[in-house]
Amino acid sequence: MSKWTPQQMPPQQGRFAIVTGANSGIGYQAARYLSRAGAAVILACRSREKGEAASAKIVAKQSSAKVEVRILDVADLDSVRRFATEFLSEDKPLDLLINNAGVMALPERRTTPQGFEMQFGTNHLGHFALTGLLLPALLRQPTSRVVTVASIAHKSGKLNFDDLNAERRYDPRGAYAQSKLANVVFGLEFDRRLRAHSANTASVIAHPGVAVTNIVSNGMGTGLKGRVVNALLPLVAQSDDRGSWPLLYAATSPDAHGGGYYGPDGIAEFKGTPVEVKPKPHALDPAAGKRLWEMSEALTGVRYDALDS
């Protein structure tokens, strides 16, 4: 089989997409490619200024691009609810949701406005709530997809169900790895629930490999070790453009399927072209999926009632 590139994306005219964290990095690149293929794209960003700058860059390269900036802070469940309520009130179709926004390896424990550990709250809980709230719009579309962006870091993660918010002990990289494992576990459990209800929506997971983006560079820290790693990063990593390809494959390829996990085909999945890859075995455990789901419902107050209607 030939290696997949965005040039193989099916036409996206008539499709509507939301990409979180689309002002830079792989989120920006994914939004750019989708709009170039004809999709109407909402750049869901925490900063309007950065979002408008990203939108201007996309339109400058393609004057016909249909892009719109809306404010969304995935770390804040109140912001998530406002965003979803506004979108649903417009009765627009939603063909694609890419859960991409995130934070990485914060050196000190910080909390979201609702008191959750920032990485778990942003990377997992915010997107869990957003997906559940937008689910009615997704279910109305015959071939809609939700792409949850994970990381190869999930393989070193552990779901500490007794301390998901790292109140007893906080380790920057451990908390990040846990949040990324939660992304994979959520994506797989969501797929199980969608299939159990014979829903047309597909839950797909992707990771960008090691891409040179702001979140990765900042996550390495400013100490000597972090500076050395950042200096060497371009030798083993790929660009944010190439890092977006697994997301685009998961979002648009006819060969991508619900419950599939996609990443680069290179050594250790650091870089390369998109293929189906294997998550950490623990992520496949339905019991872990069920437990994380129920705890996420309790923490966010969001239930996926649309699946039962």
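Q: Which residues in the largest nonpolar core touch the most other members?
A: This is a predicted model. In its largest nonpolar core, which has 49 residues, Ile18, Phe83, Phe87, Leu94, Leu134, Phe190 and Tyr304 touch the most other members.

Q: Which elements give two or more residues to this core?
A: Those are β1, β2 (40-45), α3 (77-89), α4, α5 and α10 (286-300).

Q: And where does the largest share come from?
A: From α4, which supplies 10 residues.

Q: Back to Leu94. What does Leu94 touch, not counting residues up to four places away in sequence?
A: Its contacts include Phe16, Ala17 and Ile18, then Phe87, Leu134, Ala137 and Leu138. Gln141 and Ser144 are also on the list.

Q: What other core lies apart from the largest one?
A: There is another of 37 residues, with Tyr28, Ile98, Ala251 and Ala256 among them.

Q: OK, rings now. How many aromatic pairs are there?
A: The count is 11. One of them is Trp4 with Tyr249: the ring centres are 5.4 Å apart and the planes stand at 90°, so this pair is edge-to-face.

Q: Where do Trp4 and Tyr249 lie in the chain?
A: Trp4 is in the segment before β1 (16-20), while Tyr249 is in helix α9 (residues 245-252). The pair therefore ties together parts that are 245 residues apart in sequence.

Q: Is that Trp4 buried or exposed?
A: Trp4 counts as buried because its relative accessibility is 7%, under the 20% cut-off. Tyr249 has 10%, so Tyr249 counts as buried too.

Q: What about Phe128 and Phe186, what kind of pair do they form?
A: Edge-to-face, with 5.7 Å centre to centre and 70° between the planes. Phe128 sits in helix α4 (residues 118-139) and Phe186 in helix α5 (residues 172-196), so the pair links distant parts of the chain, 58 residues apart.

Q: Are those two buried or exposed?
A: Phe128 is buried at 1% relative accessibility, and Phe186 is buried with a relative accessible area of 3%.

Q: Which residues form one aromatic cluster with them?
A: Phe190, Trp293 and Tyr304 form one cluster with Phe128 and Phe186.

Q: Last topic, charges over rings. Where does the charged end of Arg242 sit?
A: Over the ring of Trp245, 4.2 Å from its centre. Arg32 lies over the face of Tyr33, at 4.5 Å from the ring centre.

Note on methods. Residues numbered from 1 in each chain as written. Predicted model: local features only at pLDDT ≥ 70, side-chain atom pairs only at ≥ 80, totals over all residues. Heavy atoms only, no water. Phe/Tyr/Trp six-rings, centres within 6.5 Å; stacked < 30°, edge-to-face > 60°. Helix = DSSP H or I, 4+ residues; strand = E, 2+ residues; numbered from the N terminus. Buried < 20%, exposed > 50% of the residue type's maximum accessible area, 1.4 Å probe, protein only. Lys NZ or Arg CZ within 6 Å of the ring centre and 35° of its normal. Core = buried A, V, L, I, M, F, W, Y, C linked by side-chain atoms within 4.5 Å. Contact = heavy atoms within 4.5 Å.
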